Amino acid sequence: MTGQLDGKIALVTGASRGIGKAIAEIFAAQGATVVLSYRSGTDEAAAVVSGIEAHGGKAIAIAADVANEQQIVALYEAVDAIGPLDILVNNAGVILEKPLLDTTADDFDWLMNVNLRGQFLVGREALRRMVGRDGTRVINISSDLSFTGREDFSAYCASKGAINALTKSWAREFAPHVLVNAIAPGPIDTDMLDLENMSAEWAEKEKELTVLKRIGTVDEISAVALFLAGPGSTYLSGQIIGPNGGSVMP
Ligand code: NAP
């Protein structure tokens, strides 16, 4: 059987769970060799690798804090040992729910270090390797909140707005060889959204923000990532694609 990503090498950050895990799994199922990175979930990441291998796919897991430049350099040494990187999914991220007036400078720096500095460091090292190479792709994971903003989430929203700007700038800087796009999901059922601990009232509010009146699944995001990584998206660059149930209509 041939896959859409046969022979490709992909790096997916934050792939021990949630959206990153689903993307790593669909990429491997479509023939890519996947390097999945994570911060601390060693057992979870090992389980993702085992699951991929059990289905005949190829993957390895490497711990690397995306905000730590030395760890990212080491991560890329491991990627380089496999072969030239074709696809990056810049997915690792954290969220902070706090009113602005309670947000400390340390809170702000932590959030920006992971979400923004992390995508900068990981993206820069990927693009160093992709420059001038046709068929290479960078997919940054943003959020629908980058467009709408949200009370009590301003640092998170700002980090994602900056990721949209990185995406458009990199698309211009590395054209025409590297295609750079972002995915800006709406609410998706992962640990980050924490539906299990959410009040029924709040869950209803989340659904009401979409026109489809429901929370999305990780598979509804990984399908978009596969499209952006695969052969059908050759005329797309600098785009922020929104699998968000209609929460945002630019
Ligand atoms: P999640 O379930 O909380 O998973 C986050 C992943 O990121 C984990 O693999 C985690 O690894 C990793 N990670 C966190 N901090 C890291 C760091 N400093 N260095 C390296 N890896 C780190 O989150 P998710 O919902 O799948 O979110 C994935 C992306 O989608 C994020 O960028 C998020 O902002 C975005 N997004 C999510 C939603 C949503 O509703 N879920 C909506 C819009 C956008 P460990 O387990 O090892 O910590």
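## About the model

The model is predicted, so keep its thresholds in mind: local features need pLDDT of at least 70, side-chain atom pairs count only at pLDDT 80 or more, and totals for chains, interfaces and linings use all residues. Residues are numbered from 1 along each chain as its sequence is written, and side-chain values use heavy atoms, with hydrogens and water left out.

## Around the ligand

Let us begin with the ligand. It has 30 residues around it, and the nearest are Ser16, Arg17, Ser40, Tyr156 and Thr190 (a residue counts as near if one of its heavy atoms lies within 4 Å). By class, this shell holds 14 nonpolar, 11 polar and five charged residues. Here Ala, Val, Leu, Ile, Met, Phe, Trp, Tyr, Cys and Pro count as nonpolar, Asp, Glu, Lys and Arg as charged, and the others, Gly among them, as polar. Both α1 (18-29) and α6 (154-173) supply at least two residues of the shell; helices (H or I, at least four residues) and strands (E, at least two) are DSSP runs, numbered from the N terminus.

Which side chain has an N or O atom 2.7 Å from an oxygen atom of the ligand? That is arginine 17. Backbone atoms take part as well: a polar one of isoleucine 19 is 2.8 Å from a ligand oxygen, and a polar one of isoleucine 188 is 2.8 Å from a ligand oxygen. The protein covers 96% of the 900 Å² of accessible area that the ligand has on its own (by the Shrake-Rupley method with a 1.4 Å probe).

## The largest pocket

The ligand takes up the space of the largest pocket. On a 1 Å grid over the protein atoms alone, a pocket is an open set of points where a 1.4 Å probe fits, with protein on both sides within 12 Å along at least five of seven lines; lining residues have an atom within 4 Å of a point. A molecule sits in a pocket if more than half of its atoms lie within 2 Å of its grid points.

The volume of the largest pocket is about 1,100 Å³ (the space filled by probe spheres set on the points). Its lining has 45 residues, with Gly93, Ile95, Thr190, Met192 and Leu193 closest to the centre. α1 gives the most to this lining, with three residues. By class, the lining has 20 nonpolar, 14 polar and 11 charged residues.

## The second largest pocket

The second largest pocket has a volume of about 290 Å³. Among its 17 lining residues, Ala28, Ala29, His55, Gly56 and Gly57 lie nearest the centre. α1 and α2 (42-54) each supply at least two lining residues.

## Two backbone details

Alanine 175 and proline 176 are joined by a cis peptide bond, with omega about 0 degrees. Proline 176 is in the loop between α6 and β6 (178-183).

Aspartate 152 has a positive phi, near 70 degrees, in a residue other than glycine. Its place is in the loop between α5 (145-148) and α6.

Key. A polar contact is a pair of N or O atoms within 3.5 Å; within protein, one must be able to donate a hydrogen and the other to accept it, and residues adjacent in sequence count only if both atoms are side-chain atoms.
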